[in-house]
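Biologist: I would like to learn how to read aromatic contacts in a model. Please take me through an example.

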Amino acid sequence: MSTPHSKRVCQLIKLKPTAVDEYIKIHAQVWPGVLAAIERAHMIDYSIHHFPPLQLLIATFKYTGDDFDADMKKVAEDPETQRWWKLTDGMQESFVEGAEGSGRDVPWWITVPEVFRFDGKA
């Protein structure tokens, strides 16, 4: 069921083959400060999936706030999240030309468009 006034987001990035085990391990215990920053930014139902044949990471979440860009900027300015990204960015390869890391002007994860949605009955 959709959350009222929510925006769905799907993002992709490539996971380096040498980092698979470590990436999965650290995501079993994401730092509380990172989770708090995500929550403060009105992001809910957040998940990351791994598709091994293409080494894709697929992140999906719902955004329920009123100013997506401002909330994402707040996440990028959060010191704990910056430390987390310093750890995880080295495990990833961006599909975005000119991307240098999370929280910068050029997005690190590429956002992909939704082509179909069926919410069904509540």
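Biologist: Take Phe61 to begin with. Is Phe61 buried or exposed?

Modeller: Phe61 is buried, at a relative accessible area of 4%. Buried means under 20% relative accessible area, exposed over 50%, and partly exposed in between (1.4 Å probe, protein chains only). Tyr46 is partly exposed, at 34%.

Modeller: A word on the source. This is a predicted model: local features need pLDDT of at least 70, side-chain atom pairs count only at pLDDT 80 or more, and totals for chains, interfaces and linings use all residues. Residues are numbered from 1 along each chain as its sequence is written, and side-chain values use heavy atoms, leaving out hydrogens and water.

Biologist: How many aromatic pairs does the structure hold?

Modeller: Two quantities describe a pair of aromatic rings: the distance of the centres and the angle of the planes. Rings of Phe, Tyr and Trp (its six-membered ring) pair if their centres lie within 6.5 Å; planes under 30 degrees apart count as stacked, over 60 as edge-to-face, the rest as tilted. The structure holds three aromatic pairs. One of them joins Trp31 and Trp84: centres 5.0 Å apart, planes at 80°, so edge-to-face.

Biologist: Where do Trp31 and Trp84 lie?

Modeller: Trp31 lies in the loop between α1 (20-27) and α2 (32-40), and Trp84 in helix α4 (residues 79-89), so the pair ties together parts 53 residues apart in sequence. Helices (H or I, at least four residues) and strands (E, at least two) are DSSP runs, numbered from the N terminus. Trp31 is partly exposed at 27%; Trp84 is buried at 6%.

Biologist: What about Tyr46 and Phe61?

Modeller: Their ring centres are 5.2 Å apart and the planes at 10°, so the pair is stacked. Tyr46 lies in strand β2 (residues 43-51) and Phe61 in strand β3 (residues 56-63).
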